[in-house]
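Open the model in your viewer and keep the selection tool ready. This tour goes from the whole chain to single residues, one stop at a time.

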Amino acid sequence: MGTTRSVRSVEIVAPVERVFAFLAAPESMMSLMGSELGEVATAADGAVTRYEWNASFRLLPFDVHGVQTRLEHVPNRRIVESASTGPTTIWELEQAGESTCLTMTEVISSRLPLVNKVIEFIGTQGKGLAHKQDEILEEIKERVEA
């Protein structure tokens, strides 16, 4: 099995609770990704467990429908989500004085390493995981600090 992994971080001048609230809300994340949010499922405590989305990618001639499954939800510390389209995203937060250190890890695993490259190419619109992650983290930073 082949695995592609990329880890990127950013420091956000905001309390960890505010950053976590942004990440935990499918509405804000789908807005950030330019995707349309579909049905959202929650646990008894209100934590999101699963949500659907639709997106257009300029590299594909059709819309993509996906499902994010929240595998782990540790308030103010960590969120792990698996996408039906392939990648698993791990968000880790750590308070750093007046700021929050946000680390984003993306993992793509498949039986064939070439499939990882195709998923990465389409999912990042040809930019590569690290570049796309840097863009996402900077956008989160701008929105949360605003």
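Predicted model: local features only at pLDDT ≥ 70, side-chain atom pairs only at ≥ 80, totals over all residues.

**Surface.** The accessible surface of the chain is about 7800 Å². Carbon and sulfur atoms account for 53% of that area. Now consider the inside. The chain has 146 residues, and 42% of them count as buried.

**Cartoon.** Hide the surface and show the secondary structure. You will find four helices and seven strands. Follow the chain from the N terminus. The elements come in the order β-α-α-β-β-β-β-β-β-α-α.

**Two helices.** Select helix α1, residues 16-24, and helix α4, residues 129-145. At what angle do their axes cross? The crossing is at roughly 120 degrees, and the axes come within 10 Å. An angle of 65 to 115 degrees would count as roughly perpendicular, and one over 145 as roughly antiparallel. The angle here falls between those ranges, so α1 is oblique to α4. The crossing of α1 and α4 is right-handed.

Next, show side chains where the two helices touch. On α1, pick Arg 18, Val 19, Phe 22 and Leu 23. On α4, pick Ile 140, Arg 143 and Val 144. These residues make the contact.

**Glu 138.** Stay on helix α4 and select Glu 138. Is Glu 138 buried, partly exposed or exposed? Its relative accessibility is 39%. Buried would need under 20%, and exposed over 50%. Glu 138 therefore counts as partly exposed. Ser 9 and Glu 138 are 129 residues apart along the chain. Their C-alpha atoms are separated by 9.6 Å.

**Arg 70.** Move to strand β4, residues 63-74, and select Arg 70 there. Is Arg 70 buried or exposed? The relative accessible area of Arg 70 is 9%. The limit for buried is under 20%. Arg 70 is therefore buried.

What does Arg 70 touch? Leave out residues up to four places away in sequence. Then the list is Leu 23, Ala 24, Val 48, Thr 49, Tyr 51, Ile 79, Val 80 and Glu 81. Zoom in on Ala 24. The backbone oxygen of Ala 24 lies 3.3 Å from a polar atom of the Arg 70 side chain.

Key: Residues numbered from 1 in each chain as written. Heavy atoms only, no water. Buried < 20%, exposed > 50% of the residue type's maximum accessible area, 1.4 Å probe, protein only. Polar contact = N/O pair within 3.5 Å; in protein donor to acceptor, adjacent residues only side chain to side chain. Contact = heavy atoms within 4.5 Å. Areas by Shrake-Rupley, 256 points an atom, 1.4 Å probe, with all protein chains shown as cover. Axes fitted to C-alpha atoms, helices over the stretch in contact; angles between N-to-C directions. Parallel < 35°, antiparallel > 145°, perpendicular 65-115°, else oblique. Left-handed = near helix turned anticlockwise from the far one by under 90°.
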